[in-house]
Amino acid sequence: MARISPERLRALIAEELPRAISTRRDLHMHPEIAYEEHRTAEVIRRALQEAGIEFRGGLAGGTGTLAHLPGRGGHRATGHRATGHRATGLRADIDALP
């Protein structure tokens with residue numbers, strides 16, 4: 001796997017930052033409470049699709065999304081622990097408080 005120089009990484013972040021800020025502001029302008037985050041879930045899924053990231057939607061009452069970002073080995077998630085490959089899980093709440 002090719003390494004990205006710190007300068008290139010900074011450039012990539014600077015390129016993506018305006019869109020990330022815009023998305024955050026949009027989501028905060030349209031808060032949705034638990035299990036009603038249909039618009040929020042769609043924004044997330046659209047961003048994953050645009051980035052070419054594999055995901056499965058419709059979880060946790062319909063608004064949950066599970067995305068898969070392969071690591072260095074490029075192996076697909078198998079749903080089994082016995083793959084011998086390290087993984088990192090990230091969970092984030094997307095609902096607003098009433």
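Start by selecting Glu-16, Arg-19, Ala-20, Thr-23, Leu-27, Val-43, Ile-44, Arg-46, Ala-47, Glu-50 and Ala-51, the lining of the second largest pocket. The elements giving two or more residues to this lining are α1 and α2 (38-50). A pocket here is an open set of points on a 1 Å grid over the protein atoms alone, where a 1.4 Å probe fits, with protein on both sides within 12 Å along at least five of seven lines; lining residues have an atom within 4 Å of a point. The space in this second largest pocket is about 350 Å³, a volume filled by probe spheres set on the points. Colour the lining by type and you will find six nonpolar, one polar and four charged residues.

You are looking at a predicted model, where local features need pLDDT of at least 70, side-chain atom pairs count only at pLDDT 80 or more, and totals for chains, interfaces and linings use all residues. Residues are numbered from 1 along each chain as its sequence is written, and side-chain values use heavy atoms, leaving out hydrogens and water.

Next, switch to a cartoon view.

Now pick Ile-13, in helix α1 (residues 6-29). Is Ile-13 buried, partly exposed or exposed? Ile-13 is partly exposed, because its relative accessible area is 49%, between the limits for buried (under 20%) and exposed (over 50%), with a 1.4 Å probe and protein chains only.

Finally, of the protein's 98 residues, 11% count as buried.

How values were computed
Helices (H or I, at least four residues) and strands (E, at least two) are DSSP runs, numbered from the N terminus. Ala, Val, Leu, Ile, Met, Phe, Trp, Tyr, Cys and Pro count as nonpolar, Asp, Glu, Lys and Arg as charged, and the others, Gly among them, as polar.
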